[in-house]
Amino acid sequence: MQFAGLLVTGLLLTSLLSSACGGPKASPVPGGSDARSVDEAPQARFTDIAAESGLRFTHANGMTGRRSFVEMMGSGGGWLDYDNDGDLDAYLVQGAPVGEGATPAVPPGGRLFRNDAERQADGSLAPHFSDVTEASGIRSLAYGMGLATGDYDNDGWTDLYLTHWGANQLYRNRGDGSFEEVTAQAGAGLDDGRWSTAASFVDYDRDGWLDLLVVNYVDYRLENDHPCFAATTGRPDYCGPASYKPAADRLFHNRADGSFEEVTLPMGLGARDASGLGSAVLDVNGDGYPDLFVANDAMENDLWVNLAGEGFENQGPMSGTALNRQGVAEANMGIAAADLDGDADEDLFVTHLKGETNTLYLNGGQGLFEDRTRDSGLGAPSLPMTAFGAGAMDHDLDGDLDLLVANGEVRVIDEQDAAGDPLPLRQSLQLFTNLGEGRFADHSREAGPAFQDLDIGRAVAVGDVDNDGDPDALVTFNNGPARLLRNDRSGAACWLGLRLLGAGGRDMLGAQARLTGDQPAGGDGASTQLRRVQTDASYLSAQDPRLIFACVAEGPQSVEVLWPDGRREGFADLPPGRYHTLTQGQGQAVTGP
Amino acid sequence: MARRPTADRPLPGRAGRPPQPPKSPPAVRRPADSRRRRWGLAALTLLGLVLLLAALKAWPALTAGPGLPSDAALAAVILPPMDHLSPAVREQINEAHRKVIDLAVAPTAEQAAAWGALGQVLLAYGLDAAEPALRNAVALDPAAFRWPYYLGRHYHLQADIPQARAAYETALAQRPEDIPTQLRLAQLSLDAGEPRQAAARLEAVAAQDPANAYAQFLSGEVAAALGDDNAAIVAYSRALELQPAATRLHYLLAMAERRLGRLEEAAAHLARRGDVPVRLVDPLAAELDGLRQSSQVLVQQAGVAEREGRLTEARQLLERAVALDPQDGAARQNLGLLRYRSGELPAALSDLQAAIALEPGNARFQLSLAVIQEAAGRQDLAEVALKDALRLDPQDVDVQSGLADFYRRGDRCPEAEAHAAAAIELAPSRALLRVQQAVCRVRSGESRAALQGLSAARIDFPADASIADALARVLAAAPDAAVRDPQAAVTLIAPLAQEAKAGIDVLETMAMALASADRFAEAIAYQERALAAAEDRPAWRSALAANLDRYRQGQSAAAPWPDFLYQPEP
């Protein structure tokens with residue numbers, strides 16, 4: 001009955017717990033045992049060089065002691081080469097006071113750091129950052145959450161979209177070291193004033209212009225703020241998403257004239273409101289059209305499958321990615337979308353609350369996934385952690401993708417509270433090394449001191465900040481200093497770096513490159529390495545759009561690129577050990593299967 | 001910045017155990033000064049008594065089971081800070097704590113019971129100090145079943161699989177037939193990637209209790225883990241038969257069907273999936289639930305019970321919550337709403353008024369009050385409450401749509417328009433709001449605006465049946481004849497009306513559209529079907545009968561929606 005709904009509207013208001021916190025999570029489900037011992041994993045070690053490189057940024061969450069929901073969710077950060085000088089610059093998102101009396105005081109706005117990497121005597125590059133926010137023209141003063149990077153106007157300069165708890169902002173890169181805010185003139189709705197979290201630039205209709213997905217979380221405002229309580233003890237604690245109404249995501253189509261129009265409803269994305277925290281673009285069924293995965297906190301995830309650019313259909317439930325294998329909607333937060341089992345299709349890794357495992361969904365190739373967490377070795381080590389950011393990176397250059405996970409609680413940890421910590425949510429980072437075929441080993445203890453410290457991890461942005469071919473990571477912490485984790489991998493490894501550009505100089509988000517051949521020497525990698533140009537995924541962060549491969553043979557390498565418009569090209573004779581810029585149209589066209 | 005402990009914390013009497021996840025940073029042993037004074041003293045007192053006792057008499061030799069302490073030393077229990085806990089919870093923990101101290105020189109069995117009771121209370125509240133308390137109980141009374149079982153629950157909840165398994169095994173040694181313990185162990189085996197071990201346990205359970213839904217569910221999990229999806233489907237289906245409320249099983253069935261390539265069957269199960277898990281009947285776990293004395297916890301448990309359809313239990317929990325903490329507004333509100341659903345309007349009103357007195361700034365409480373006042377026939381007071389809610393939170397979509405609906409039911413549609421528009425602005429993805437707006441626009445003589453709004457909604461929600469239905473109604477029977485388009489109405493509603501499960505409203509809309517196209521014989525047939533389907537809806541039957549008469553007289557419907565939509569609900 002359709003209009004029967006009108007008769008019972010009043011009853012809809014009567015659901016229980018409208019003013020209480022979300023109910024307790026399902027009982028922890030113990031995960032499987034690790035597939036192999038840590039001893040078998042290659043050694044990698046990360047060193048925090050944030051301070052020595054000048055990347056001095058401390059997030060302030062604006063807390064006032066009232067345990068406001070928003071204060072423990074942020075904030076993000078990420079990479080972009082805004083000045084096109086070949087090294088990664090960084091943008092770090094800042095909080096804002098949540099009401100009166102915030103301590104510590106919150107410095108105003110997010111910060112842009114320019115990297116002027118310096119060549120060292122041994123030939124390596126040492127990142128050197130300067131805070132150029134004032135000169136950049138970026139004024140992000142609302143409560144910052146995350147960012148998306150992409151060249152929406154196809155002028156060859158990376159632009160910036162900032163999400164907030166408050167009005168979002170679009171900044172156009174002028175190409176002279178500065179940005180101009182164009183939110184108002186670029187289209188209605190871009191300044192979404194709700195609690196936005198993730199955002200992804202994606203050319204969903206393959207017209208050569210980047211469109212924009214904006215993910216919203218819940219309807220939390222100071223006006224409807226209310227106290228919440230721990231599920232077990234009943235003492236005051238942070239709220240969960242069930243305490244507030246979920247908010248709808250929005251999709252904006254690029255009009256190719258510097259402006260956007262909202263197409264959420266006509267493209268089919270308005271079917272329901274959901275508490276979204278993460279977004280990732282991937283092609284789940286290999287049809288060449290980008291699909292959208294949205295991680296919804298304590299609700300079913302959405303997998304918006306692209307219907308040839310004409311619309312989207314949520315295939316989350318049938319795909320097996322909406323829920324975990326037991327049919328539970330977990331506290332989905334961060335995402336890694338990449339080929340994690342080396343079978344040349346894109347998989348999903350989603351991070352969750354303590355008591356739930358992080359979940360590994362392996363793609364069967366046609367967009368039908370299986371939750372393989374239990375067998376992967378990723379389950380049990382994640383149970384005691386609340387995970388947010390997740391970066392897929394081949395840290396040991398063995399040809400398969402490893403995972404770096406940022407953890408930090410959202411519910412008070414009794415022991416830290418007892419110690420008088422005003423923000424008792426601290427946990428440690430984790431590094432999982434890929435052992436091949438979808439199995440991982442927890443390698444955190446060997447990954448360096450930064451992995452032993454307890455802090456409130458949030459965003460993980462993967463990028464090669466020193467251009468040495470191994471991936472580094474920018475990690476943000478709630479109410480703490482950001483860290484720049486330089487990968488000090490031991491031993492030599494052969495690598496190939498790629499930057500995939502369109503004719504206009506735009507990073508071709510969504511382009512895929514494949515490097516096929518024998519397994520990398522000494523590694524256990526797959527025979528085909530599939531990598532996608534992406535700046536989204538993880539949590540509230542922006543990734544390095546460049547791709548890194550482990551060599552599959554001695555000497556020059558050959559790759560095949562699938563461009564976002566569906567064309568394929570081969571590029572041969574690429575010497576390893578350096579980055580190459582591959583421009584669409586300059587390769588050898590590939591036809592056939 | 002704290003640093004993770006570099007070495008695992010050793011536990012008494014256990015050497016060479018596998019590494020454990022970090023349990024307690026050093027901070028736990030360095031409570032804040034104010035708290036240290038308070039709780040450190042208590043802990044020291046307790047520890048001192050234990051040590052004194054240990055010095056006074058030799059402990060009997062203890063025969064610990066696998067994974068449990070085998071020495072005589074009791075573990076120190078340091079209670080967590082309890083400043084923020086409700087007085088009832090504090091008192092409950094303190095009482096259990098005092099009993100341990102009082103019985104420090106009592107016979108061993110009594111000491112064990114006291115330690116166990118303390119551990120049980122701490123476990124009920126998810127506090128880590130449960131572990132040493134329960135371990136002491138196990139050490140003092142190794143023949144008891146319940147203490148190692150609770151210890152197993154603690155480790156299980158902490159995701160410490162080896163220790164949970166050891167503790168459950170110890171419990172099972174005392175009571176080999178205990179079904180919950182066997183099922184917990186089977187679950188652990190499954191989660192540890194040992195489905196065949198789990199299967200052996202489950203066979204034993206099946207011999208004892210073939211109608212155990214949880215065992216059937218786990219059998220399905222085992223079969224799925226072994227790649228036998230046909231067997232998994234049989235077991236899940238049996239579990240569903242035994243516990244039809246466990247709607248989460250439909251998801252497991254869907255995934256198993258999908259793996260077998262039967263996508264239609266998978267889709268059918270997905271359509272029926274829900275979030276109610278299979279319940280494991282476990283008296284000892286139920287005892288923990290019964291111990292919780294926090295109103296907030298009880299409200300949350302009530303929410304779970306309500307979602308799972310256990311309304312009597314939900315009500316009892318809420319009544320306990322209110323009794324425990326009369327100052328808990330949420331408990332009052334939710335109890336009021338449950339009473340409202342039971343038809344106890346005076347009691348419900350009283351609860352909501354009490355909740356509002358406790359939290360006068362809570363818009364949701366006002367909204368709930370309005371629903372109950374309206375049900376009680378006090379439209380005047382309902383309107384006051386709704387306006388109060390609006391004043392408190394104009395950005396709340398339920399408040400705006402609630403007001404729009406209220407005005408519609410009072411046949412005050414011109415007043416509804418602003419609120420309907422505000423609700424749509426706040427929640428553009430809710431299709432039903434567009435229908436609500438159109439219903440009132442037609443009543444206000446704004447048929448063209450209704451048509452325009454629904455046409456735009458049709459673009460936004462191309463697959464939404466409620467929009468299609470509403471638009472067809474306007475096209476068929478708008479009072480403004482210039483808006484009508486009978487052929488378009490028929491085209492729009494026909495696919496929905498031809499579905500086997502077409503509802504009363506769709507059948508009625510089809511009749512309306514056919515009548516507007518002067519196809520009265522077909523209209524009559526559809527209207528009669530609608531009438532037959534509305535057997536238990538007297539108001540609707542009356543409206544359907546009136547239109548049927550019109551069709552028989554060769555007249556089309558006079559309005560898209562029946563008058564009763566503009567009147568208070570009975």
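Start by selecting A:Arg426 and A:Asp455: both residues are buried. You are looking at a predicted model, so keep that in mind as you move through the stops.

**First stop: a link across chain A**

A:Arg426 and A:Asp455 meet in a salt bridge, with 3.1 Å from N to O. Now colour by secondary structure. A:Arg426 sits in the loop between helix H7 (414-418) and strand S28 (430-436) of chain A, while A:Asp455 belongs to the loop between strand S30 (453-454) and strand S31 (457-463), so the pair ties together parts that are 29 residues apart in sequence.

Switch to chain B and pick helix H20 (residues 397-409). Within this helix, B:Arg408 and B:Asp405 are 3 residues apart, which means that about one helical turn separates them. Their side chains form a salt bridge of 3.4 Å, N to O, and both B:Arg408 and B:Asp405 are buried.

Next, select B:Arg315, B:Glu319, B:Arg332, B:Arg339, B:Glu344 and B:Asp351 together. Salt bridges with shared partners join these residues into one network.

To finish, zoom out to the whole model: how many salt bridges does the structure hold over all chains? There are 69.

How values were computed: Residues are numbered from 1 along each chain as its sequence is written. Chains are lettered from A and ligands numbered from 1 in the order in which they are written. This is a predicted model: local features need pLDDT of at least 70, side-chain atom pairs count only at pLDDT 80 or more; totals for chains, interfaces and linings use all residues. Side-chain values use heavy atoms; hydrogens and water are left out. A salt bridge is a side-chain nitrogen of Lys or Arg within 4 Å of a carboxyl oxygen of Asp or Glu. Helices (H or I, at least four residues) and strands (E, at least two) are DSSP runs, numbered from the N terminus. Buried means under 20% relative accessible area, exposed over 50%, partly exposed in between (1.4 Å probe, protein chains only).
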